[in-house]
Amino acid sequence: MPELPEVEVTRRGIAPHVEGRRLEGARVRDPRLRWPVPEDLDAILRGRRVSAVERRAKYLLLRLGDAGTLLLHLGMSGSLRVVPAETPPTAHDHVDLLLEGGRVLRLRDPRRFGAVLWTPEPPERHPRLAGLGPEPLSPELTGDYLHRRSRGRRLAVKNFLMDAQVVVGVGNIYASEALFRAGIRPDREAGRVGRDRYVLLAAAVAAVLEEAIAAGGTTLRDFTSGEGAPGYFRQELAVYGREGEACPVCGRGIRKAVIGQRSSFFCPGCQR
Ligand SMILES: [Zn+2]
(Lines give C-alpha, C1' and ligand atoms only; values in the text may rest on other atoms or scores of the structure.)
Protein backbone atom coordinates (compact mmCIF):
# COMPACT_ATOMS: atom_id res chain seq x y z
CA MET A 1 0.00 0.00 0.00
CA PRO A 2 1.44 3.40 -0.88
CA GLU A 3 2.35 5.15 2.37
CA LEU A 4 2.96 8.84 2.96
CA PRO A 5 6.56 8.78 1.64
CA GLU A 6 5.46 7.13 -1.63
CA VAL A 7 2.67 9.68 -2.03
CA GLU A 8 5.06 12.55 -1.37
CA VAL A 9 7.59 11.17 -3.85
CA THR A 10 4.77 10.83 -6.37
CA ARG A 11 3.83 14.45 -5.76
CA ARG A 12 7.39 15.58 -6.36
CA GLY A 13 7.64 13.34 -9.41
CA ILE A 14 4.53 14.54 -11.21
CA ALA A 15 4.48 18.20 -10.11
CA PRO A 16 7.01 19.46 -12.70
CA HIS A 17 4.91 17.92 -15.48
CA VAL A 18 1.53 19.06 -14.20
CA GLU A 19 1.87 22.38 -12.39
CA GLY A 20 1.03 25.36 -14.55
CA ARG A 21 -0.43 23.16 -17.28
CA ARG A 22 -3.92 23.54 -18.65
CA LEU A 23 -6.16 20.46 -18.59
CA GLU A 24 -7.98 19.53 -21.76
CA GLY A 25 -10.35 17.21 -19.91
CA ALA A 26 -10.43 13.70 -18.56
CA ARG A 27 -10.95 10.22 -19.93
CA VAL A 28 -12.57 7.87 -17.43
CA ARG A 29 -12.42 4.22 -18.50
CA ASP A 30 -13.79 2.85 -15.25
CA PRO A 31 -15.43 5.15 -12.67
CA ARG A 32 -15.78 2.38 -10.08
CA LEU A 33 -13.00 3.31 -7.69
CA ARG A 34 -13.45 3.39 -3.91
CA TRP A 35 -16.00 6.12 -4.54
CA PRO A 36 -17.40 6.77 -8.04
CA VAL A 37 -15.36 9.13 -10.18
CA PRO A 38 -17.55 12.22 -10.91
CA GLU A 39 -19.55 11.64 -14.09
CA ASP A 40 -18.87 15.16 -15.31
CA LEU A 41 -15.12 15.08 -14.58
CA ASP A 42 -14.23 15.86 -18.19
CA ALA A 43 -16.40 19.01 -18.20
CA ILE A 44 -15.21 20.08 -14.74
CA LEU A 45 -11.55 19.95 -15.70
CA ARG A 46 -11.62 21.14 -19.30
CA GLY A 47 -9.75 24.39 -19.76
CA ARG A 48 -8.68 24.67 -16.11
CA ARG A 49 -5.07 25.28 -15.23
CA VAL A 50 -3.35 23.31 -12.45
CA SER A 51 -2.10 25.99 -10.09
CA ALA A 52 -0.36 23.63 -7.64
CA VAL A 53 0.12 19.96 -6.76
CA GLU A 54 -0.03 19.58 -2.99
CA ARG A 55 -0.39 16.73 -0.53
CA ARG A 56 -2.53 16.34 2.59
CA ALA A 57 -2.13 13.05 4.44
CA LYS A 58 -2.15 10.48 1.62
CA TYR A 59 -4.25 12.61 -0.74
CA LEU A 60 -2.71 14.48 -3.64
CA LEU A 61 -4.44 17.81 -4.24
CA LEU A 62 -4.48 19.24 -7.74
CA ARG A 63 -5.44 22.83 -7.10
CA LEU A 64 -7.27 24.37 -10.04
CA GLY A 65 -7.08 28.00 -9.00
CA ASP A 66 -10.37 29.38 -7.67
CA ALA A 67 -12.43 26.67 -9.36
CA GLY A 68 -11.72 23.92 -6.86
CA THR A 69 -9.47 20.99 -6.11
CA LEU A 70 -9.16 17.47 -7.46
CA LEU A 71 -8.34 14.96 -4.72
CA LEU A 72 -6.43 11.86 -5.82
CA HIS A 73 -5.82 8.85 -3.58
CA LEU A 74 -3.73 5.83 -4.52
CA GLY A 75 -5.64 3.40 -2.33
CA MET A 76 -3.98 -0.01 -1.94
CA SER A 77 -2.31 -0.32 -5.31
CA GLY A 78 -2.55 2.95 -7.23
CA SER A 79 0.18 4.78 -9.09
CA LEU A 80 0.40 7.85 -11.29
CA ARG A 81 2.48 8.37 -14.42
CA VAL A 82 2.81 11.12 -17.00
CA VAL A 83 2.81 9.46 -20.41
CA PRO A 84 2.19 10.46 -24.05
CA ALA A 85 -1.55 10.51 -24.74
CA GLU A 86 -1.19 7.82 -27.41
CA THR A 87 0.35 5.31 -24.95
CA PRO A 88 -2.04 2.32 -25.01
CA PRO A 89 -3.77 1.91 -21.63
CA THR A 90 -3.56 -1.35 -19.72
CA ALA A 91 -6.59 -3.00 -18.12
CA HIS A 92 -5.94 -1.13 -14.87
CA ASP A 93 -5.40 2.38 -16.26
CA HIS A 94 -8.78 3.71 -15.18
CA VAL A 95 -8.46 7.50 -15.44
CA ASP A 96 -6.43 9.86 -17.64
CA LEU A 97 -6.23 13.59 -16.99
CA LEU A 98 -5.46 15.16 -20.36
CA LEU A 99 -2.67 17.71 -20.19
CA GLU A 100 -2.05 20.36 -22.82
CA GLY A 101 0.94 19.42 -24.93
CA GLY A 102 -0.11 15.84 -25.73
CA ARG A 103 0.53 14.03 -22.46
CA VAL A 104 -1.77 12.54 -19.84
CA LEU A 105 -1.57 12.00 -16.08
CA ARG A 106 -2.59 8.35 -15.87
CA LEU A 107 -3.99 6.61 -12.78
CA ARG A 108 -3.35 2.90 -12.67
CA ASP A 109 -5.13 1.09 -9.84
CA PRO A 110 -5.51 -2.71 -10.13
CA ARG A 111 -7.46 -3.08 -6.89
CA ARG A 112 -9.57 0.08 -7.40
CA PHE A 113 -9.36 1.28 -3.79
CA GLY A 114 -8.07 4.62 -5.00
CA ALA A 115 -10.14 7.75 -5.47
CA VAL A 116 -10.66 10.73 -7.76
CA LEU A 117 -12.84 13.31 -6.01
CA TRP A 118 -13.74 16.88 -6.90
CA THR A 119 -14.53 19.69 -4.51
CA PRO A 120 -15.22 23.34 -5.28
CA GLU A 121 -14.79 24.08 -1.56
CA PRO A 122 -11.49 24.65 0.24
CA PRO A 123 -10.16 21.08 0.39
CA GLU A 124 -9.57 21.15 4.13
CA ARG A 125 -13.36 21.19 4.51
CA HIS A 126 -13.81 18.04 2.43
CA PRO A 127 -15.17 15.17 4.55
CA ARG A 128 -12.10 13.05 3.74
CA LEU A 129 -9.74 15.72 5.05
CA ALA A 130 -11.69 17.52 7.78
CA GLY A 131 -10.70 16.44 11.27
CA LEU A 132 -7.27 15.11 10.36
CA GLY A 133 -4.35 15.76 12.66
CA PRO A 134 -1.26 17.71 11.62
CA GLU A 135 1.22 16.63 8.99
CA PRO A 136 4.15 14.66 10.45
CA LEU A 137 6.71 16.80 8.61
CA SER A 138 5.18 20.11 9.65
CA PRO A 139 6.30 22.28 12.57
CA GLU A 140 2.95 21.47 14.21
CA LEU A 141 4.15 17.99 15.15
CA THR A 142 6.08 18.65 18.33
CA GLY A 143 6.75 16.74 21.51
CA ASP A 144 4.56 19.18 23.40
CA TYR A 145 1.70 18.55 21.01
CA LEU A 146 1.95 14.75 21.33
CA HIS A 147 2.30 15.03 25.09
CA ARG A 148 -0.78 17.22 25.36
CA ARG A 149 -2.90 15.03 23.09
CA SER A 150 -1.92 11.85 24.91
CA ARG A 151 -2.86 12.88 28.46
CA GLY A 152 -5.43 10.51 29.89
CA ARG A 153 -5.14 8.15 26.93
CA ARG A 154 -4.75 4.51 27.92
CA LEU A 155 -4.20 3.03 24.47
CA ALA A 156 -0.75 1.80 23.38
CA VAL A 157 1.52 4.61 22.26
CA LYS A 158 1.92 2.90 18.89
CA ASN A 159 -1.82 3.00 18.27
CA PHE A 160 -1.91 6.60 19.44
CA LEU A 161 0.79 7.44 16.91
CA MET A 162 -1.09 5.70 14.10
CA ASP A 163 -4.33 7.61 14.79
CA ALA A 164 -4.89 10.04 11.89
CA GLN A 165 -6.71 12.42 14.21
CA VAL A 166 -3.48 12.73 16.21
CA VAL A 167 -1.04 12.87 13.31
CA VAL A 168 -1.50 11.70 9.71
CA GLY A 169 0.62 9.36 7.67
CA VAL A 170 2.41 7.29 10.31
CA GLY A 171 1.82 3.74 9.10
CA ASN A 172 2.73 0.51 10.85
CA ILE A 173 6.32 0.25 9.64
CA TYR A 174 7.14 3.88 10.33
CA ALA A 175 5.53 3.79 13.78
CA SER A 176 7.64 0.75 14.73
CA GLU A 177 10.85 2.34 13.50
CA ALA A 178 10.18 5.73 15.11
CA LEU A 179 9.40 4.15 18.50
CA PHE A 180 12.64 2.18 18.32
CA ARG A 181 14.65 5.31 17.66
CA ALA A 182 12.90 7.13 20.49
CA GLY A 183 13.48 4.20 22.86
CA ILE A 184 9.79 3.77 23.66
CA ARG A 185 8.12 0.36 23.90
CA PRO A 186 5.21 0.24 21.44
CA ASP A 187 2.81 -1.23 24.01
CA ARG A 188 3.39 1.46 26.64
CA GLU A 189 0.30 3.47 27.55
CA ALA A 190 0.30 6.72 25.56
CA GLY A 191 -0.78 8.71 28.62
CA ARG A 192 2.19 7.47 30.64
CA VAL A 193 4.93 8.57 28.24
CA GLY A 194 6.58 11.78 29.43
CA ARG A 195 7.12 15.03 27.58
CA ASP A 196 10.85 14.51 27.01
CA ARG A 197 10.24 11.17 25.36
CA TYR A 198 7.55 12.64 23.13
CA VAL A 199 10.09 15.25 22.03
CA LEU A 200 12.34 12.39 20.92
CA LEU A 201 9.41 10.63 19.28
CA ALA A 202 8.28 13.66 17.26
CA ALA A 203 11.83 14.05 15.92
CA ALA A 204 12.09 10.30 15.19
CA VAL A 205 8.81 10.29 13.23
CA ALA A 206 10.01 13.14 11.04
CA ALA A 207 13.44 11.57 10.53
CA VAL A 208 12.07 8.14 9.56
CA LEU A 209 9.66 9.63 7.04
CA GLU A 210 12.26 12.04 5.61
CA GLU A 211 14.66 9.15 5.10
CA ALA A 212 11.98 7.12 3.33
CA ILE A 213 11.21 10.05 1.04
CA ALA A 214 14.92 10.50 0.30
CA ALA A 215 15.27 6.76 -0.44
CA GLY A 216 12.26 6.95 -2.75
CA GLY A 217 13.67 9.94 -4.56
CA THR A 218 16.77 7.96 -5.46
CA THR A 219 15.28 4.53 -6.15
CA LEU A 220 11.98 5.40 -7.78
CA ARG A 221 11.78 5.18 -11.52
CA ASP A 222 11.10 8.09 -13.77
CA PHE A 223 7.48 9.19 -13.44
CA THR A 224 7.29 9.68 -17.17
CA SER A 225 8.00 6.02 -17.92
CA GLY A 226 4.95 3.79 -18.09
CA GLU A 227 6.67 0.91 -16.36
CA GLY A 228 5.53 -0.64 -13.11
CA ALA A 229 4.26 0.87 -9.94
CA PRO A 230 6.24 2.20 -7.01
CA GLY A 231 6.41 -0.25 -4.13
CA TYR A 232 7.94 0.08 -0.70
CA PHE A 233 11.21 1.88 -0.79
CA ARG A 234 14.17 -0.24 0.14
CA GLN A 235 14.86 1.62 3.33
CA GLU A 236 17.07 0.28 6.10
CA LEU A 237 14.69 -0.93 8.79
CA ALA A 238 16.16 -1.43 12.27
CA VAL A 239 13.38 -3.51 13.85
CA TYR A 240 10.42 -3.97 11.50
CA GLY A 241 10.24 -7.53 10.16
CA ARG A 242 13.38 -8.54 12.09
CA GLU A 243 11.98 -10.75 14.85
CA GLY A 244 14.80 -12.79 16.43
CA GLU A 245 17.57 -10.81 14.74
CA ALA A 246 20.09 -8.84 16.76
CA CYS A 247 19.24 -5.25 17.66
CA PRO A 248 21.62 -3.01 15.69
CA VAL A 249 22.27 -0.96 18.85
CA CYS A 250 22.51 -3.42 21.79
CA GLY A 251 22.55 -6.85 20.14
CA ARG A 252 19.55 -8.30 21.99
CA GLY A 253 16.95 -10.21 20.01
CA ILE A 254 14.21 -8.15 18.35
CA ARG A 255 10.76 -9.17 19.60
CA LYS A 256 7.42 -9.21 17.87
CA ALA A 257 4.11 -8.35 19.52
CA VAL A 258 0.64 -7.88 18.13
CA ILE A 259 -0.77 -4.52 19.20
CA GLY A 260 -4.15 -3.41 17.90
CA GLN A 261 -4.13 -6.35 15.46
CA ARG A 262 -0.91 -5.10 13.86
CA SER A 263 2.52 -6.68 14.07
CA SER A 264 4.91 -4.60 16.10
CA PHE A 265 8.63 -5.10 16.45
CA PHE A 266 10.77 -3.75 19.25
CA CYS A 267 14.01 -4.24 21.16
CA PRO A 268 13.46 -5.21 24.82
CA GLY A 269 16.83 -3.69 25.68
CA CYS A 270 16.57 -0.29 23.98
CA GLN A 271 12.84 0.37 24.36
CA ARG A 272 11.14 0.97 27.69
ZN1 LIG B 1 18.54 -2.77 21.43
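Before we set off, residues are numbered from 1 along each chain as its sequence is written, and side-chain values use heavy atoms, with hydrogens and water left out. Because the model is predicted, local features need pLDDT of at least 70 and side-chain atom pairs count only at pLDDT 80 or more, while totals for chains, interfaces and linings use all residues.

Let us start at the metal. The zinc ion is held by the SG atoms of C247, C250, C267 and C270, at 2.2 to 2.4 Å. Donors here are N, O and S atoms within 2.8 Å of the metal (3.2 Å for Na, K and Ca), and water is not among the atoms, so sites may look incomplete. The 4 donor atoms subtend angles of 95 to 118 degrees around the zinc ion, so the arrangement is tetrahedral. For four donors, that word asks that all angles lie between 85 and 135 degrees. Along the sequence, the donor residues follow the spacing C-x2-C-x16-C-x2-C. Within this set, C250 and C270 link distant parts of the chain, 20 residues apart: C250 sits in the loop between α6 (195-219) and β9 (255-259), and C270 in the segment after β10 (262-266). Helices and strands are DSSP runs numbered from the N terminus, helices being H or I with at least four residues and strands being E with at least two.

How covered are these cysteines? C247 counts as buried because its relative accessibility is 4%. C250, at 36%, is partly exposed, and C270 is partly exposed too, with a relative accessible area of 22%. Buried means under 20% relative accessible area, exposed over 50%, and partly exposed in between (1.4 Å probe, protein chains only). As for cysteine pairs, the structure holds 0 disulfides, a disulfide being a pair of cysteine sulfur atoms within 2.5 Å.

On a 1 Å grid over the protein atoms alone, a pocket is an open set of points with protein on both sides within 12 Å along at least five of seven lines, while a cavity is a set of points where a 1.4 Å probe fits but cannot get out; lining residues have an atom within 4 Å of a point. Grid points are joined across faces, edges and corners, and a volume is the space filled by probe spheres set on the points.

After α5 comes G183, with a positive phi near 75 degrees.

What of enclosed space? The structure holds 1 cavity of 30 Å³ or more, and the largest cavity has about 40 Å³ of space. Its lining is made of L72, L80, V95, L97, L105, L107 and V116. Strands β6 (93-99) and β7 (103-108) are the elements that give two or more residues to this lining. The lining residues divide into 7 nonpolar, no polar and no charged.

A57 lies in the loop between β2 (52-56) and β3 (59-64). Its phi is positive, about 55 degrees, although A57 is not a glycine, and A57 is buried at 10% relative accessibility. R112, in the loop between β7 and β8 (115-119), also has a positive phi of about 55 degrees without being a glycine. R112 is partly exposed, with a relative accessible area of 28%. R34 belongs to the loop between β1 (23-28) and α2 (41-45) and is partly exposed at 49%. The C-alpha atoms of R34 and T119 are separated by 16 Å, with the two residues 85 apart along the chain.

Conventions. Four donors count as tetrahedral if all angles lie between 85 and 135 degrees; four count as square planar and six as octahedral if opposite donors are over 155 degrees apart and all others between 65 and 115; anything else is irregular. Ala, Val, Leu, Ile, Met, Phe, Trp, Tyr, Cys and Pro count as nonpolar, Asp, Glu, Lys and Arg as charged, and the others, Gly among them, as polar.
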